[in-house]
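Subject: Structure for your review

Dear colleague,

Please find the structure below.

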Amino acid sequence: MARTGIWIIGARGGLATTLIAGTHLVGMGKAPTTGLVTESSSWSKVSLFAISDVVFGGHDVRTGSVHESALEISRTNHSIPLELLPQIAPLLDAADANIRLGTAYCGGPAIESFAVPATRRNETSRTAIARLRSDLREFKERERLSRVVVVNLASTEPPPDADVPTDRSSLEKCLRTRKGIRASTLYAVAAIEEGMPYVNFTPSTAALNSGLIALALHHGVPVAGSDGKTGETLVKSALAPMFAHRALSVLSWQGYNILGDRDGQVLADPRHKASKVKSKDAVLKSILGYAPHTHVGIDYVPSLGDMKTAWDFIHFSGFLGHRMSMQFVWQGCDAILAAPLVLDLCRIVARAADMGVAGAIGDLGFFFKSPAGESEHDLHVQWQRLDALAARLSKQVAKRRK
């Protein structure tokens, strides 16, 4: 049986744990496929890998276990059914046995604060990449996998402290000097040079830049990113086109976000928050064609756990310049919203790799706040392009079968 490996950067985090537990529960028929775009009719003929045939592994900078993380989520947040955990406990332990120590070097102060000392060792970039590649290769060989997809679910890093690499040559220079890169850059290089499809679900700008996309093209590897679109920005990208199509003028769009968990703790550091704010604030100008007054606030509220709340106030003008307003509140469980999208992306990029696709897959912009290889932010247009991608892949699959 052809099995697929999903290698997670940040493998013991809340999102990773929800992804691992949820995938196994769905694969065993213990949970519905709600939230999975790839289970819709558009993707039925693309021959995506079976959800029941997934093996998990990953890197993390913290100790602990996936099982312990799942128990904590079940008891505090109740998003993973506690009564079902015994049925997948062996699978959670199997995933944990495949987790290796990653790197936190240049990952930013908030991440380094909870990373074990061994992950902050002062090794050269190329030494770290060789070690990470060895972990990926051993995972594929040990589990006898047909393919491995690498997905970055780690905490948000600060923006790089120098100009980001724009091509392979400048990327290699940055790796030598350690300027313009972060820990996420090393993970991405390791995956791409190992020939494994790579997804950046984080806002970390060093995790998928032009230099890494050029490297992916050179190695014939598909990549996708960045920053999963799961909550407030998802609503923005669906709602903003309404104002544009109705010729209503948006004057101000104020957004305030409160969240808990480790993500909120990391984003409480203004250096890390800068990456997230930039990603969330880029949508409106692209859709509206002009830049209204905007503000994105993010505050850490420890008691919320993995629940997050966004309140947005939209001030706009209509006929005769009359001013009006609209407000919405979005309340959701971050990992529950994100986990099915991560699984969708892993299934799609794995199939794209099989079909010889290389570089940034812009047609996956539907899933991201800062889509690599695509400047479109209108959710409705993004959906049409995603649907067209499914149709193209379906035709290629049918042609190969003939």
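Contact here means heavy atoms within 4.5 Å. The model is predicted, so local features need pLDDT of at least 70 and side-chain atom pairs count only at pLDDT 80 or more, while totals for chains, interfaces and linings use all residues. Residues are numbered from 1 along each chain as its sequence is written, and side-chain values use heavy atoms, with hydrogens and water left out.

Leaving aside neighbours within four places in sequence, Ile 8 is in contact with residues including Ala 16, Leu 19, Phe 56 and Val 151. Ile 8 is also among the residues with the most contacts inside the largest nonpolar core, which has 59 residues. Such a core is a set of buried Ala, Val, Leu, Ile, Met, Phe, Trp, Tyr and Cys residues joined through side-chain atoms within 4.5 Å; buried means under 20% relative accessible area, with a 1.4 Å probe and protein chains only. The largest share of this core, twelve residues, comes from α13. Helices (H or I, at least four residues) and strands (E, at least two) are DSSP runs, numbered from the N terminus.

Helix α14 has 23 residues. Its buried residues include Leu 386, Leu 389, Ala 390 and Leu 393, and what covers the buried residues of α14 includes α9 and α13.

Seven strands form an open sheet in the order β3-β2-β1-β4-β5-β6-β11, with parallel pairing; two strands pair if DSSP finds at least two bridges between them. The edge strands are β3 and β11. Val 151 has Val 199 of β5 as its bridge partner.

Yours sincerely

Conventions
Buried < 20%, exposed > 50% of the residue type's maximum accessible area, 1.4 Å probe, protein only. Expected span 1.5 Å × (residues − 1).
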